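Have the coordinates open as you read.

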Amino acid sequence: MDAWSQDIHICLHSGEDAERYEGASVPPIFENTHFVFPTFEEFVQAHRNESERYVYWRGTNPTVQIVERKLAMLERGERCKCFASGIGAMAAALLSCVQNGDHVIGVGHLYEETKKLLAYIERFGVTHSITRTTNVDEIERTIQPGTKVIVMESPTSLTFELVDLRRVAELAKSRRVTTIVDNTWATPLLQKPLELGIDIVVHSASKYMGGHSDFLGGAVIGGEAFIRKLFDHEYLLLGAALAPLEARMLLRGLRTLPVRLQAHRDGGMKVAQFLEDHPAVAVVRYPGLHSHPQYELGLQQMRWTTGLLGFELKEASYESVKKVLNRLKVFRIGFSWGSYESLAMSPNYGDNAAQLAAEGIGQGLIRISVGLEPVEELLEDLNQALQ
Ligand SMILES: *Cc1c(COP(=O)(O)O)cnc(C)c1O
């Protein structure tokens with residue numbers, strides 16, 4: 001079976017164990033705060049091994065565990081722990097790797113809250129540097145004696161630059177630095193960082209994996225020993241447990257993820273090509289286009305692309321960005337992405353020009369998430385908005 005067929009099988013069936021649940025074709029939602037034990041000795045034994053046993057909701061839950069098994073399999077990792085949000089997962093993963101005096105490298109453009117998290121942990125004596133580009137030589141030059149972790153996204157948030165994950169993994173290993181990849185954009189179906197040598201994968205499952213604008217969740221996937229340690233500390237202590245009902249929603253999202261991703265890619269490609277030819281557009285940031293500077297790298301490390309992309313208006317100003325966004329009728333203005341509905345936004349809020357310039361983000365940047373509407377409608381909508 002090829003990897004794609006294997007992934008479809010995992011999304012549809014693997015890890016569900018229907019016999020355990022009276023043959024139910026869809027696993028039940030275990031909405032119980034705790035589990036009870038016939039004897040106190042058995043209770044003590046279970047509590048001492050909480051990452052393996054069902055004891056209390058904030059720890060291990062059978063419904064959540066099914067999703068965790070699937071995500072670990074999809075990433076080809078040993079083990080997964082689910083969280084109440086993507087940022088909950090990132091905070092736990094990051095905190096599990098650092099202590100007072102350590103240094104962290106963030107690569108290029110990170111998700112806004114991940115950047116804020118790096119700034120936040122400075123109060124605990126953990127410093128960080130953010131590289132300007134995703135260039136491996138620049139990352140190497142940024143490594144200090146105290147560097148413990150490299151955090152990255154590929155493609156990067158907003159600018160859609162790729163990181164050469166295999167090369168960064170090799171570099172990090174040679175320097176005994178842990179690598180964390182936020183794989184939200186690609187999902188485990190389109191990119192498998194662990195297979196490229198990365199240590200830890202983090203997801204916001206609130207985007208493509210959930211897929212329906214009605215779910216928030218996250219996940220961390222890594223080695224057995226790492227996840228066990230994460231469970232005992234950052235998972236149990238920070239308390240960002242994924243709820244069982246949410247786990248079932250994620251399970252449902254995963255069923256259709258392979259077909260949805262194909263549709264998002266088809267739409268994304270068409271929209272990107274249309275924008276690239278449009279006279280009002282300066283540049284399209286989408287790794288699926290031949291014009292993307294790292295198109296070849298994308299072919300090597302990603303199965304294909306998705307429906308989230310950026311483009312920059314030639315008239316790079318808040319006024320033009322606002323005008324285009326307000327003219328859109330099918331694309332709605334919203335913060336999230338990866339859902340059935342097409343969404344648009346811009347990081348240009350009209351009062352942050354200096355910050356955008358410092359971060360190397362164009363004033364005319366618009367980010368769009370291509371949903372599942374008929375693509376002709378989307379092209380027409382963009383066309384009239386860009387007039
Ligand atoms: C949305 C997002 C997150 C945060 O996930 P939440 O589920 O919203 O907490 C992290 N990283 C990336 C790349 C995201 O898009």
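Buried area is the accessible area, taken with a 1.4 Å probe, that two parts lose on being put together, summed over both. The model is predicted.

Q: How much area do domain 1 and domain 2 bury between them?
A: The chain is divided into domain 1 (3-253) and domain 2 (257-386). Their C-alpha centres lie 27 Å apart. The contact draws 39 residues from domain 1 and 38 residues from domain 2. Carbon and sulfur atoms carry 62% of the buried area, which comes to about 3,300 Å².

Q: Which residues form a salt bridge with 3.1 Å between the closest N and O atoms?
A: Across the interface of domain 1 and domain 2, the rule finds 1 salt bridge. A salt bridge needs a Lys or Arg side-chain nitrogen within 4 Å of an Asp or Glu carboxyl oxygen. At 3.1 Å between the closest N and O atoms, the pair is K115 and E359.

Q: Which helix gives the largest share of the side of domain 1 that touches domain 2?
A: Across this interface, 22 residue pairs are in polar contact. On the domain 1 side, α1 (3-12), α5 (112-120), α7 (165-174) and α8 (187-190) each supply at least two residues. That side divides into 18 nonpolar, 13 polar and 8 charged residues. The largest share is 5 residues, and it comes from α1.

Q: How many residues apart in sequence are the parts that D7 and K192 tie together?
A: D7 and K192 form a salt bridge, with the closest N and O atoms 2.7 Å apart. Both D7 and K192 are buried. D7 lies in helix α1 and K192 in the loop between α8 and β6, so the parts they tie together are separated in sequence by 185 residues.

Q: Which residue forms a salt bridge with E16 at 2.4 Å between the closest N and O atoms?
A: E16 is buried, because its relative accessibility of 9% is under the 20% cut-off. E16 forms a salt bridge with K70, the closest N and O atoms being 2.7 Å apart. That pair links the loop between α1 and α2 to helix α3, 54 residues apart. At 2.4 Å, the partner of E16 is R255.

Q: Is N61 buried or exposed?
A: N61 sits in the loop between α2 (40-47) and α3 (62-75). Leaving aside neighbours within four places in sequence, N61 is in contact with F30, Y54 and P244. A polar atom of the N61 side chain lies 2.9 Å from the backbone nitrogen of T63. The relative accessible area of N61 is 3%, under the 20% cut-off, so N61 is buried.

Q: Is L158 buried or exposed?
A: L158 is in the loop between β4 and α7. Its phi is near 70°, a positive value in a residue other than glycine. The relative accessibility of L158 is 19%, under the 20% cut-off, so L158 counts as buried.

Q: What is the relative accessible area of S213?
A: S213 lies in the loop between β6 (200-204) and β7 (218-222). S213 is not a glycine, yet its phi is positive, about 55°. S213 is partly exposed, with a relative accessible area of 44%.

Terms used: Residues are numbered from 1 along each chain as its sequence is written. This is a predicted model: local features need pLDDT of at least 70, side-chain atom pairs count only at pLDDT 80 or more; totals for chains, interfaces and linings use all residues. Side-chain values use heavy atoms; hydrogens and water are left out. Domain bounds come from an automatic or database domain assignment. Contact means heavy atoms within 4.5 Å. A polar contact is a pair of N or O atoms within 3.5 Å; within protein, one must be able to donate a hydrogen and the other to accept it, and residues adjacent in sequence count only if both atoms are side-chain atoms. Helices (H or I, at least four residues) and strands (E, at least two) are DSSP runs, numbered from the N terminus. Ala, Val, Leu, Ile, Met, Phe, Trp, Tyr, Cys and Pro count as nonpolar, Asp, Glu, Lys and Arg as charged, and the others, Gly among them, as polar. Buried means under 20% relative accessible area, exposed over 50%, partly exposed in between (1.4 Å probe, protein chains only).
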